[in-house]
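Hi,

Here is the structure I promised to pass on. Have a look at it first, and then read my notes below.

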Amino acid sequence: MQVLHDNNIGQMREAGQWRTKRISFWDLFDAEDIVRVRGTMDIEAYFERIGYKNSRNKLDLETLTDILQHQIRAVPFENLNIHCGESMELDLKAIFDQIVRKKRGGWCLQVNHILYWALTTIGFETTILGGYVYNTPANKYSSGMIHLLVQVTIGGRNYIVDAGFGRSYQFWEPLELISGKDQPQVPAIFRLTEENGIWYLDQIRREQYIPHQEFLNSDLLEMKIYRKIYCFTLEPRTIEDFESINIYLQTSPASVFTSKSFCSLQTAEGVHCLVGWTLTYRRFSYKDNTDLVEFKTLKEEEIDEVLKTTFGISLERKLVPKHGDRYFTI
């Protein structure tokens, strides 16, 4: 299937050239900061948080896949700070404190930042990349770079790792950076396509069965079988490149993150999502190549307990659930 993509996606080139300099994680810090960060961020605490007890002596694809799967099943993709009157921090120490010590989740700029740190710390060759998310209602990619993802190089092969897209769009295994190759996984078939130095991530989804008839027309349901997700270049980025968009996404009324409160966590068979007061569970390919999607509307007094039991989250401040009108599907 040939898919034509919109190449007008903002300033993705600089003077017609891509920067190719590889930036080490520790290049981002001076000597004093390295001592401070290494002294307060314990890689063993991170692995305990995600429940990873396997060997990490081999820096191979199997280890990379194992770490990714442990993180996406332990660390929710969520924006609850915004709806608790708190900020979404970019500082790595603050992210570590939130995710590891407070056992919370975060959005892509946080969960992929800590994943990048962890992979780099144990010796993987890593690069931060920036993505432009596909806006389905507008039928185009975002003009701003609003998504953080990670490239990992193993034995001369490049892979994309992303623990921060959540819902049924989350891939469970690293995607090899090969153009036009279908890469089947449990959630769906994923495909990367390269056009003029820009890589596009698309998804081929299954049919879905919704047993609760009153939710058949829910605005949370993804109705497309072939779904564009985001695009990116291989230009190395630093976390500072995301500082302005991090502020915008949590303050602008036009942002989906201010419009909706959400929390998403992968399981061994599917994915839980809580958007506003609506709780869903999608079981991938439960029969006949069809996903089962179950809905439940929660009472406000039930939300804290569901966050604890389903997502492993205990909030320090009062959550104000929100289901605004910005497009967001599960």
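**Starting from F77**

F77 is found in strand β1. Before going further, keep in mind that this is a predicted model. With a relative accessible area of 7%, under the 20% cut-off, F77 counts as buried. Leaving aside neighbours within four places in sequence, F77 is in contact with G106, W107 and C108, with G164, F165, G166 and R167, and with F262, C263 and S264. If you want a distance to check, the C-alpha atoms of F77 and C108 are separated by 7.4 Å, although these residues are 31 apart along the chain.

**The overall picture**

Zooming out, the protein chain has 330 residues, and 56% of them count as buried. Its secondary structure comes to 8 helices and 15 strands. If you take the contacts between residues at least 6 apart in sequence, 63% of them join residues at least 24 apart.

Walking through the pairings I looked at:

- β13 (residues 270-275) and β14 (residues 278-287) run antiparallel and are joined by 6 bridges. H272 stands opposite Y281 in β14. The hairpin of these two strands has 2 residues between them, and G276 takes a positive phi near 60° there.
- β14 also pairs with β15 (residues 290-297), again in the antiparallel sense, over 7 bridges. T280 has F295 in β15 as its bridge partner. This is another hairpin with 2 residues between the strands, and D288 in the turn has a positive phi of about 50°.
- β15 and β10 pair in the parallel sense, over 3 bridges. Here Q208 stands opposite D291 in β15.

As a general reminder, nonpolar side chains in soluble globular proteins tend to be buried together. In this model, the largest nonpolar core has 68 residues, and the ones with the most contacts inside it are Y46, I67, W117 and F242. Helix α5 (residues 108-121) supplies the largest share of this core, with 9 residues. There is also a second, separate core of 17 residues, which includes L129, F165, L177 and Y230.

What does F242 touch, once residues up to four places away in sequence are set aside? The list is L90, L109, I128, L129, G130, M145, H147, L148 and R237. L129 from the second core is on that list. F165, another member of the second core, is among the contacts of F77.

**Aromatic rings**

How many aromatic pairs does the structure hold? The count is 17. One of them is Y141 with Y200, a tilted pair at 5.5 Å centre to centre with 55° between the planes. Y141 lies in strand β3 (residues 140-141) and Y200 in strand β9 (residues 198-204), so this pair ties together parts that are 59 residues apart in sequence.

F171 and F190 make an edge-to-face pair, 5.8 Å centre to centre and 75° between the planes. This pair also links distant parts of the chain, 19 residues apart: F171 is in the loop between β5 (157-161) and β6 (175-176), while F190 is in strand β8 (residues 189-195). Both F171 and F190 are buried.

Ring pairs also link Y46, F47, Y52, F96 and W117 into a cluster. Y46 and W117 are the names you saw among the residues with the most contacts inside the largest core.

One more item for your list is a charge over a ring: the charged end of R73 sits over the ring of W172, 5.1 Å from its centre.

Cheers

Conventions:
Residues are numbered from 1 along each chain as its sequence is written. This is a predicted model: local features need pLDDT of at least 70, side-chain atom pairs count only at pLDDT 80 or more; totals for chains, interfaces and linings use all residues. Side-chain values use heavy atoms; hydrogens and water are left out. Two strands pair if DSSP finds at least two bridges between them. Helices (H or I, at least four residues) and strands (E, at least two) are DSSP runs, numbered from the N terminus. A nonpolar core is a set of buried Ala, Val, Leu, Ile, Met, Phe, Trp, Tyr and Cys residues joined through side-chain atoms within 4.5 Å. Buried means under 20% relative accessible area, exposed over 50%, partly exposed in between (1.4 Å probe, protein chains only). Contact means heavy atoms within 4.5 Å. Rings of Phe, Tyr and Trp (its six-membered ring) pair if their centres lie within 6.5 Å; planes under 30 degrees apart count as stacked, over 60 as edge-to-face and the rest as tilted. A charge sits over a ring if NZ of Lys or CZ of Arg is within 6 Å of the ring centre and within 35 degrees of the ring normal.
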